[in-house]
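Notebook open. I wanted a quick look at how the chains meet, and then at a few elements one by one.

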Amino acid sequence: MKKFIFIIIFLILSSNGFSANEELKNKIYKNIRCIVCQGQSIYESNSDFAIDLKKLISKKLDNGENEKQIYEFLISRYGEWIVFNPGLNFNSLALWLLPLIIFMIGGFLIFRLNNRKKK
Amino acid sequence: MKNKYKIIILGITIVIIFILFLRVLNSNKTYQPNQMIGKKIPEFILEDLFNKNTKLDSNILSGKDFAILNIWASWCIPCRIEHPFLMDLKDKNQINIIGLNYKDESGNAKNFLKKYRNPYSLIGIDKKGEVAIQLGAYGVPETYVLKRGKIIFKHIGPLNEDAVNKILELKK
């Protein structure tokens with residue numbers, strides 16, 4: 001009976017670990033652009049290129065590399081464009097800051113209008 | 001007067017936003033072929049197509065003054081189109097060409113070279129396409145020009161006259 005319980009606990013724990021690893025893999029696959037496809041991630045694509053990248057990412061994860069290291073490797077080979085969610089750099093600065101600037105200008109204008117009305 | 005300043009500031013803001021958007025619109029949204037330019041060739045060791053005891057080691061490429069690394073496969077139709085250019089580079093210009101046989105059957109690759117002649121001094125077998133990814137390639141054919149192990153030029157797709165002229169210029 002003890003053995004049976006031990007086996008069940010072992011299976012539950014190992015399946016949890018397995019699904020966590022699969023989740024991470026899928027997360028990375030969804031953030032990598034299939035550069036030979038149109039607007040698809042490698043998760044959605046079954047092209048040769050996507051399959052090769054998926055195998056390589058899986059291998060790198062099994063070898064203990066983390067998500068960041070994998071992105072860095074792919075960006076060094078294929079450029080920032082390979083990731084759907086690029087980091088903050090000079091080219092993407094406008095993309096990150098513009099909504100914030102517009103929001104602040106809007107807030108300032110509303111604040112001023114409000115003040116004028118009070119006066 | 002105050003309104004005049006407001007209009008000028010609004011105008012400048014609109015122009016800045018317009019320039020920023022134009023910059024993003026004009027930026028390269030496709031694959032960046034220059035990513036590996038100026039970088040050292042990644043390390044790899046591959047088995048040679050004709051001799052199992054010979055290895056294609058990236059260090060061999062690092063030791064060469066000028067070499068071409070060409071990714072090809074027997075199933076790749078554009079590779080047949082570029083093949084005469086590779087033969088010319090080898091025969092007429094004595095350029096050292098190293099092949100990377102990409103996801104191919106060895107028998108088919110050998111037959112291909114028998115039929116069209118062999119321009120390569122060494123051919124590494126990249127059965128899984130992993131070395132091609134290390135090189136930042138995404139298909140065949142692709143050609144890399146190496147100077148003392150550093151990638152100085154890359155051509156995507158079959159070689160043509162322009163690409164060959166560029167390679168010869170780089171060799172000078």
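Predicted model: local features only at pLDDT ≥ 70, side-chain atom pairs only at ≥ 80, totals over all residues.

**Interface, chain A side.** How many residues of chain A are in contact with chain B? I got 12 residues of chain A, facing 14 residues of chain B. Next I asked which elements of chain A give two or more residues to this side. They are helix 2 (48-62) and helix 3 (67-78) of chain A. Helix 2 of chain A has the largest share, with 4 residues. By residue class, I noted 8 nonpolar, 2 polar and 2 charged on the side of chain A that touches chain B.

**Helix 4 of chain A.** I looked up residues 93-118, a helix of 26 residues. From first C-alpha to last, helix 4 of chain A reaches 37 Å, close to the 38 Å expected at 1.5 Å a residue. Then I checked burial: the number of buried residues in this helix is 0, so helix 4 of chain A lies largely in the open.

**Chain B, domains.** The domain assignment gives me domain 1 (1-30) and domain 2 (45-171) of chain B. I find their C-alpha centres 48 Å apart.

**Chain B, hairpin.** Strand 6 (residues 142-147) and strand 7 (residues 150-156) of chain B run antiparallel, joined by 6 bridges. Opposite Leu146(B) I found Ile151(B), in strand 7 of chain B. The two strands form a hairpin with 2 residues between them. In that turn, Arg148(B) has a positive phi of about 45°.

Definitions and conventions. Residues numbered from 1 in each chain as written. Chains lettered and ligands numbered in written order. Pairing = 2+ DSSP bridges. Domains from an automatic or database assignment. Contact = placed C-beta atoms within 7 Å. Nonpolar A, V, L, I, M, F, W, Y, C, P; charged D, E, K, R; others polar. Expected span 1.5 Å × (residues − 1). Buried ≥ 20, exposed ≤ 12 C-beta atoms within 10 Å, placed from the backbone.
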